[in-house]
Amino acid sequence: MKDLRRKPLRVVNLGLEIFADELKTQNVPVTHVRWRPPAGGKPHLLEILEKLEELDR
Amino acid sequence: MPLARAVLPSFYQDSVKLMRLAREIGEKKGVSEVAALMGTPANHEIMLQAGLAEDGEAYAGSNDLVLAVEADTQELAYEAIEEAKAFLTQTRVAGVGASDFLPSGLAGALAGAPESNLAMISVPGAYAAKEAMDALRSGLHVFLFSDNVAVDDEVALKREAIERDLLLMGPDCGTAYIAGAGLGFTNAVKPGRVGCIAASGTGLQAVVSQLDALGEGISHGIGVGGRDLSAEVGGLMTLHALDFLSSDPETEIVLLISKPPDAEVLPGIEEALENFDKPHVVCFLGAENPDWAETLEDAGHAVATVLKGESYEPENFFAQAGLKERVASLRMEEETAGEGILGLFSGGTLAHESRLILEGLLGEVSWNEAAGRHRILDLGDDRYTVGKPHPMIDPESRAEMLSQAAMDENLGVVLFDLMLGRASAQDPAGPLARAIKEARGKGRSPHFVASVVGTADDPQDVDEQVRILEDAGVVVLPSNTQAARFAAALVKPELLEDV
């Protein structure tokens, strides 16, 4: 956790864009991700994706 | 009534953005109902209930945006749909300027900004744990705003974080401060020497705002999530955060705010605090321990006085000069019908503190229930936010509840909070004050008592927000603690007799 003291905060934002906007007003660098539910939000496809990712690891 | 609908396939938008869209279109003349929702089964259910979808009809996909407008005429309804589409396309284009490429996932973001060190995650709960784990495994600290994360996932995430010496703030974490920057719903406070560890959000906001007014700033404010001190999670992140603040050179004193730890977890926390090498103030709301601060307000004052090298003795609220006369004159001025108190809160911790204070003074207080003489509703709770924005983001639904409460003959006081700061509504007092003024104009009404959490540097003007409430006849107290006690005195003036 010491890195938080050594390096400036740099944020990746996944979800509500308003949070990225609020960081920008504080001059905190932020990358907003255009997030959308994986696998088109279909639970059975998501399960398959997760299994594939596990195998990958 | 004429209805127009449109489905925008593969057009995922976050819920706050959609709420703003619905509000904007809903204000158009002749428009009576607007829905702008992702096409999930749960949202389909909400639209069915609002009469904006038909029974038996298939819903769109979770990545498809559904727009529905009910208006006075068919033409107006179609017009509103077209306007909504234009609004969405415009903001999309504005969001993706040439210099502002938006990656579609964490990996893409890290490729563009490999120096990133923290992920803020506010995606729907079902996807949150996976995104948070990916972020931790990429070496990022995590601020996890999403709720509905399973407790097993929370434990796994926190263990992973600790192993990697990272912070996992949350789940359901609304507020944090890291190295002076506010994450989520935060008030603009000065950097300083007070390190805070808090469960989730509004308790931390209230205390840092109070400290700011007392001239003290914040080093870090670490949200650990409301379940961290439960038996299942075992205080994993609280202990980890204590370690972090112990070695932090900026932090001179630590403030710990939460509901009381589980009996199994308490000894470990007490041991860690005993061995903690810096001064600390503990406020476990509802715990009975003379060494700990009883209220949020006491906690803030205790920190400020310890830093001055003095010791803090809380004053007796009911013994303060002029209070008896103020209560008596308000009771004379407004002949209220009842003697019950209804608390309508946007902040969960403030709701919880009010409940504890009122129970101590008046007896039983019901929690998130429709019945009971004295009732507290935490309107940020999931049960009140289905298909509706959180009351800190959009004050309208609470304004409606205030109007209804004003007609309730059993009520003597309506008690509420007003949370200012980043990400909160721009003018939260306005709609509430309008509703209260209108209700009071109709004759007999309960007293309205409130507290405002905010600082001089917040995006809203705190003095102006207080003035708006006071103009509507609201009694505004300097803290949530005092507002609850004042409300109790209004319905039970005997509290002022034996002091």
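Tutor: Let's start in chain A, where strand 1 (residues 11-14) and strand 2 run parallel and share 4 bridges. Keep in mind that this is a predicted model.

Student: Which way do the residues of strand 2 of chain A point?

Tutor: In strand 2 (residues 30-33) of chain A, A:V30 and A:H32 point one way while A:T31 and A:V33 point the other way, and all are buried.

Student: What is the strand order of the open sheet with parallel pairing?

Tutor: The order is 2(A)-1(A)-4(B)-5(B)-6(B), which makes an open sheet of 5 strands.

Student: Why are strand 2 of chain A and strand 6 of chain B called edge strands?

Tutor: Each of them pairs on one side only. At the chain B end, strand 5 (residues 141-144) and strand 6 are parallel and joined by 2 bridges. The cut-off is at least two, so that pairing qualifies. There, B:V142 has B:L168 as its bridge partner in strand 6 of chain B.

Student: Which strands pair with strand 3 of chain B?

Tutor: Strand 1 (residues 3-8) of chain B is antiparallel to strand 3 over 6 bridges, with B:A4 partnered by B:V69. Strand 2 (residues 31-38) of chain B is also antiparallel to strand 3, through 7 bridges, and here B:A35 stands opposite B:A68.

Student: Why is B:S346 called buried?

Tutor: Buried means under 20% relative accessible area. B:S346 has 2%, so the label applies. B:S346 sits in the loop between strand 13 (340-345) and helix 12 (348-362) of chain B. Beyond its neighbours within four places in sequence, B:S346 contacts residues including B:D378, B:H390, B:R398 and B:D417.

Student: How do you know that the buried residues of helix 11 of chain B line one face of the helix?

Tutor: The buried residues in question are B:L323, B:V327 and B:L330, in helix 11 (residues 323-333) of chain B. Viewed down the helix axis, the buried residues fall within an arc of 65°, so they line one face. On the other side, B:E325, B:M332 and B:E333 are exposed. The cover over the buried residues includes strand 17 (447-453), strand 18 (475-477) and helix 17 (480-491) of chain B.

Student: What makes B:E154 and B:K158 a salt bridge?

Tutor: The cut-off is a Lys or Arg side-chain nitrogen within 4 Å of an Asp or Glu carboxyl oxygen. The N to O distance here is 2.8 Å, so this pair meets the rule. Both residues lie in helix 6 (residues 151-163) of chain B, 4 residues apart, about one turn of the helix.

Student: Why does the pair of B:E154 and B:R227 tie together separate parts of chain B?

Tutor: Their side chains form a salt bridge at 2.7 Å, N to O. B:E154 is in helix 6 and B:R227 is in the loop between strand 10 (218-223) and helix 8 of chain B, so the pair links parts 73 residues apart in sequence. B:E154 is buried at 1%, whereas B:R227 is partly exposed at 32%. B:E154, B:K158, B:R227 and B:D228 are linked in a network of salt bridges.

Conventions
Residues are numbered from 1 along each chain as its sequence is written. Chains are lettered from A and ligands numbered from 1 in the order in which they are written. This is a predicted model: local features need pLDDT of at least 70, side-chain atom pairs count only at pLDDT 80 or more; totals for chains, interfaces and linings use all residues. Side-chain values use heavy atoms; hydrogens and water are left out. Buried means under 20% relative accessible area, exposed over 50%, partly exposed in between (1.4 Å probe, protein chains only). The arc is that of the directions from the helix axis to the C-beta atoms. Contact means heavy atoms within 4.5 Å.
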